[in-house]
Amino acid sequence: MKMDEKINVLGGALAPCSTAPLTGFFRDGHCNTCDEDAGSHTVCAVMTAEFLAYSKYVGNDLSTPRPEFGFAGLKPGDRWCLCAGRFAQAHDEGCAPRVHLAATHARALEIVPIEVLKAQAE
């Protein structure tokens, strides 16, 4: 897999999102992406209780530990490389998490307008 250029939505170098918990399509702590990343795990989101409940409700339980996958479960305050489509859906439903713009990959802009990301910036 060839990783895309490491550029954020502001045009600068892509900053780390989180290493604890370890996130990203490549599990490298960054919201790096590539053509094989069908979910576009490009939005560095700061988890909230409201968003975690919403995500579980729509079928992606991010809060329950899954030790068989080395996943401890997310809690409010954790940063996570979220699928851009899920972020857009949560935004439309009024429960989008905050976004760390410097760590959000430029490819997120293919799905989420920059104005929406900036409105949710931490």
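This tour visits salt bridges in a predicted model.

Side chains of opposite charge can pair when their charged atoms come close. With a side-chain nitrogen of Lys or Arg required to lie within 4 Å of a carboxyl oxygen of Asp or Glu, the count is six salt bridges.

**First stop: R107 and D4.** Select R107 together with D4 and display the side chains. They form a salt bridge, with 2.6 Å from N to O. R107 lies in the loop between β3 (98-99) and α3 (114-119), whereas D4 belongs to the segment before β1 (41-46). R107 has a relative accessible area of 22%, so the residue counts as partly exposed.

**Second stop: R66 and E68.** Next, select R66 and E68, whose closest N and O atoms are 2.7 Å apart in a salt bridge. The relative accessible area of R66 is 39%, which means that this residue is partly exposed. E68 reaches 53% relative accessibility and is therefore classed as exposed.

Move to E122 and R79, another salt bridge, in which the closest N and O atoms are 2.6 Å apart. E122 sits in the segment after α3, and R79 is in strand β2 (residues 79-83). Here too distant parts of the chain are linked, the two residues being 43 residues apart. R79 is partly exposed, because its relative accessible area is 24%.

Which residues do salt bridges with shared partners join into one network? Select D4, D35, R107 and E110 to display its members.

Note on methods:
Residues numbered from 1 in each chain as written. Predicted model: local features only at pLDDT ≥ 70, side-chain atom pairs only at ≥ 80, totals over all residues. Heavy atoms only, no water. Helix = DSSP H or I, 4+ residues; strand = E, 2+ residues; numbered from the N terminus. Buried < 20%, exposed > 50% of the residue type's maximum accessible area, 1.4 Å probe, protein only.
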